[in-house]
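Dear colleague,

Please find below the structure that I am handing over to you. A summary of the findings follows it.

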Amino acid sequence: MASKKREVQLQSVINSQSLWDEMLLNKGLTVIDVYQAWCGPCKAVQTLFRKLKNELNEDEILHFAVAEADNIVTLQAFRDKCEPVFLFSLNGKIIAKIQGANAPLINKKVISLINEERKVIAGEIARPQYHEIPLIDLSEEEMGESHDSIGESYSIAIIKPEAILRRKYQGIKESIIKIGFVIEEETKKILTEEEVRDFYSKVADQPDFEEFVSFMTSCLSCVLIISQGEEPLSDEKETDTQPVVESERLSEQQVENDIEAKLGMAKKKRDSLQEYLERQHISQFCDVEENPIYVTKFIDIFFPDFKTRGIKLVQTLALLRPNVCAERKDDVLNIINNEGFEILMERQVVLSEEEARSVCKEYENEDYFKELIEYMISSSSLVLVLLREDGLEHWKELLGPRTVEEASNYDPKSLCAQFAMGSLPINQLYGSSSTKIAEKEIEHFFPPESTLALIKPHVTHKERGEILDHIKEARFDLTQMREMVLTPEYAIKIYFKISDKPFYKNVLEVLAEGPSLVMVLTKWKAIAEWRRMMGPVDPEEAKLLSPDSIRAKYGINILKNAAHGASDLYEASSSINNMFAEDESENLEEH
């Protein structure tokens, strides 16, 4: 398709010293993938480069290249090396190097340098005097700043169970984002005792530490990877210390000064997050680790595939308008599958007039807009949530222009041209225009629902972990979780619908055998989806009718059937309120 043509042209090929010298004449930033002839360029980052090219839209000052080290004298130090190397050339000067296909660091470096170059061009700042790094084979310690460490680019934060139980964690995340930080990754989990002791080793000598460990390992925490946003955080008090005098940069000890300044600024940025949390009186709910060595360690523990994952998977909303939905739905779905998208959710729906106006907003000034709205509300459209790397931008690229005439003239392989039908000159498919709009549209068409879920005491620790993995794979949002023994006082808050049944006393006996895991799971149609995952109540029946279900795999008998879930919206909301809203403050005061 048209996208593949763009991919071929994305990186210029440098395979001689003369082409290398010519590349150094590029204006702005050139990101160079240095490779060996026997292994070829790094394909893992090409999607990231295409994403950066599309989003930054800076053809004059952002370039990508592949350089074959075997044929370029300047790059002889990188010959016979199997690890990918990326060099950053700014206006002809090699100023930085990243070893390994570390997509998050490459992404961060490119965005930072391009934003800086934009400000230089606009006259907002003087051009920084970067020092050219030597292209020789040095160790990490010798290279210093030129070889980025992942621990220096991120911080780790743990939002503690108090905030989860009090439903403050969303507000804490919003506060972190508001002051210019970016939440790169997050996970909700009950921390193990080893993880708590490791992360909080600095306060292990506190008298109440054992009680603290016990609480941290019994309820849900939220772990975040946080990076500094594009714009540095600034306070009025800090303005006097931030400018760097040009003459200082050009002094005899310029390398040492620059490194110290960068480390000092990085420390200030990290400190500012902790200070901000303290000023907002929320630091008691959130602990931050800033030491690069420990950050790297905890990223490996909590997010083991973060360094190698590449760019994030991105959701977008897609819509097939009525004619395409009725006549060529399967053709579109085949293309979606072939392009590597995963369909997370789908539904066929007749749009309301308000919904039709929202997804046709780009045509609101056209003479045919009224006719378009009537068409949109006349029959069913197919609404999808799509997921893949760079999903939003890739879907927009596949869609092509907004009108059939533009598509026919300039992008005949686009979906707009391929699926043109009817009398209206519009693109018969739709996609969200931004990540923020995608989030709103997905929430509107696929409103999230919460259910209460329970893993029973007889399920082993290993089996419990497997069930939690299944929950994650099913893309539930684990919004609340606590481990506890369900005494009769608590059991009735969940099983109130059967408390008058003769077998209820047997249920209580099973629940009293040990701690249960009580969870709130959230997603579209969560109640029905969790009940489907559990399978029939009787494990023997489950093994016949739904052999992959939780009860089939982990159930023993009809009472010890591994899992429980609310059967309807009333039961779900009542049991969630009973377990996570009542008496929270009293329970938390004890900790």
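I begin with a group of paired strands. Strand β11 (residues 342-349) is joined to β12 by seven bridges, and the two run antiparallel. Within this pairing, Val-349 has Ser-381 of β12 as its bridge partner. Please bear in mind throughout that the model is predicted.

Strand β12 also pairs with β10 (residues 313-320), again in an antiparallel arrangement, here through eight bridges. In that pairing, Val-314 stands opposite Arg-388 of β12. Strand β12 itself covers residues 381-389 and is mostly covered, with eight of its nine residues buried.

As to the chain as a whole, its 591 residues include 49% that are buried. The secondary structure amounts to 29 helices and 17 strands. Among contacts with a separation of 6 or more, 78% are between residues 24 or more positions apart.

In soluble globular proteins, nonpolar side chains tend to be buried together. The largest nonpolar core in this model has 43 residues, and the members touching the most others are Leu-29, Phe-49, Phe-88, Ile-106, Val-110 and Ile-156. Helix α4 (residues 103-121) gives the most to this core, contributing seven residues. Another core, of 42 residues, lies apart from it and includes Leu-517, Trp-530, Met-534 and Tyr-554.

Which residues does Leu-29 contact, leaving aside its neighbours within four places in sequence? They are Ile-61, Leu-62, His-63, Phe-88, Ser-89, Leu-90, Val-110, Leu-113 and Ile-114.

Lys-525 is not a glycine, yet has a positive phi of about 55°. Lys-525 sits in the loop between β16 (516-523) and α25 (526-534). Its relative accessible area is 48%, so Lys-525 counts as partly exposed.

Ala-562 likewise is not a glycine and has a positive phi, of about 80°. The loop that holds Ala-562 runs between α27 (550-554) and β17 (563-565). Is Ala-562 buried or exposed? Ala-562 is buried, because its relative accessible area is 0%, and the cut-off for buried is under 20%.

With kind regards

How values were computed. Residues numbered from 1 in each chain as written. Predicted model: local features only at pLDDT ≥ 70, side-chain atom pairs only at ≥ 80, totals over all residues. Heavy atoms only, no water. Core = buried A, V, L, I, M, F, W, Y, C linked by side-chain atoms within 4.5 Å. Buried < 20%, exposed > 50% of the residue type's maximum accessible area, 1.4 Å probe, protein only. Helix = DSSP H or I, 4+ residues; strand = E, 2+ residues; numbered from the N terminus. Contact = heavy atoms within 4.5 Å. Pairing = 2+ DSSP bridges.
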